[in-house]
Amino acid sequence: YMNTNYLNINGQLKYQYKQKLNLIAKGNYYGYTITDTTNAKPWHKPNFDLTFSANYNLKSKIILKADIFVIGKQWALQQTTGNNIIVQTPVLLKGITDINLGAEYRYTKMLSFFATFNNIGNFSYYRWDKYPTQRFNFMVGVSFIPF
């Protein structure tokens, strides 16, 4: 909660080939001008983010998905304690890249099976300072939609 002038420029491109292939590229640029004298940086706010997605539909039975997420560098306030004094130091967190893959098998119109693999590069990163994200993880499941 601070006095800030905020600029967001976003864009998206999509290519679709029939009902088989969807390619999507989207991104945001964030600009911050802080007028609050107590805060020097926009804490935990990246300067940009990008998403690249692809979906491939094989005869409406098998759907393959891939996503790449990129989040720019961001500032965080890191607290350290020494001699019973709490000191807050600005730290620049690295940018983030995350890759996800997924597949779905549609057995019928109502029943399908899926598998999703997240962070397949097993990257260790911090979306928030001192809060690590999950490394490689996956989820398998069944989807049933009664009509």
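Which residue lies over the face of W75? Keep that one in mind while you look around; here are my notes, point by point.

1. **Before you start.** This is a predicted model, so read everything below as computed from that prediction. The answer to the opening question is K41, which sits over the W75 ring at 4.5 Å from the ring centre.

2. Find strand 5 at residues 74-82 and strand 6 at residues 85-93. The two run antiparallel and pair over nine bridges.

3. Two residues lie between the strands here, and N83 takes a positive phi near 55°. N84 also lies in the loop between strand 5 and strand 6, and its phi is positive too, near 60°, though N84 is not a glycine. For context, most residues other than glycine have a negative phi. N84 counts as exposed because its relative accessible area is 81%, and the cut-off for exposed is over 50%.

4. **Another positive phi.** Go to the loop between strand 3 and strand 4, where you'll find S60. S60 isn't a glycine, yet its phi is positive at about 55°. Is S60 buried or exposed, or something in between? With a relative accessible area of 47%, S60 is partly exposed.

5. Y56, L58, I62, L64, Y105, Y107, F113 and V142 together make a nonpolar surface patch of about 710 Å². Strand 3 (48-58) and strand 4 (62-71) are the elements that give two or more residues to the patch. I62 is one to click on: I62 belongs to strand 4 and, at 33% relative accessibility, is partly exposed.

6. **Aromatic pairs.** How many aromatic pairs does the model have? The count is six. One of them is Y6 with Y30: the ring centres are 6.4 Å apart and the planes meet at 20°, so this pair is stacked. The pair also links distant parts of the chain, since Y6 is in strand 1 (residues 4-17) and Y30 is in strand 2 (residues 21-34), 24 residues apart. Y30 is buried, with a relative accessible area of 15%. Ring pairs also bring in Y32, giving a cluster of Y6, Y30 and Y32.

7. F136 is partly exposed, at 38% relative accessible area, whereas F138 is exposed, at 53%.

8. **The salt bridge.** The count of salt bridges comes to one. Which side chains make it? They are E104 and R106, which meet at 3.4 Å, N to O. In general, side chains of opposite charge can pair when their charged atoms come close.

Notes: Residues numbered from 1 in each chain as written. Predicted model: local features only at pLDDT ≥ 70, side-chain atom pairs only at ≥ 80, totals over all residues. Heavy atoms only, no water. Patch = residues over 30% accessible without salt bridge, like charges linked within 9 Å, V, L, I, M, F, W, Y side chains within 5 Å. Areas by Shrake-Rupley, 256 points an atom, 1.4 Å probe, with all protein chains shown as cover. Salt bridge = Lys/Arg side-chain N within 4 Å of Asp/Glu carboxyl O. Helix = DSSP H or I, 4+ residues; strand = E, 2+ residues; numbered from the N terminus. Buried < 20%, exposed > 50% of the residue type's maximum accessible area, 1.4 Å probe, protein only. Phe/Tyr/Trp six-rings, centres within 6.5 Å; stacked < 30°, edge-to-face > 60°. Lys NZ or Arg CZ within 6 Å of the ring centre and 35° of its normal. Pairing = 2+ DSSP bridges.
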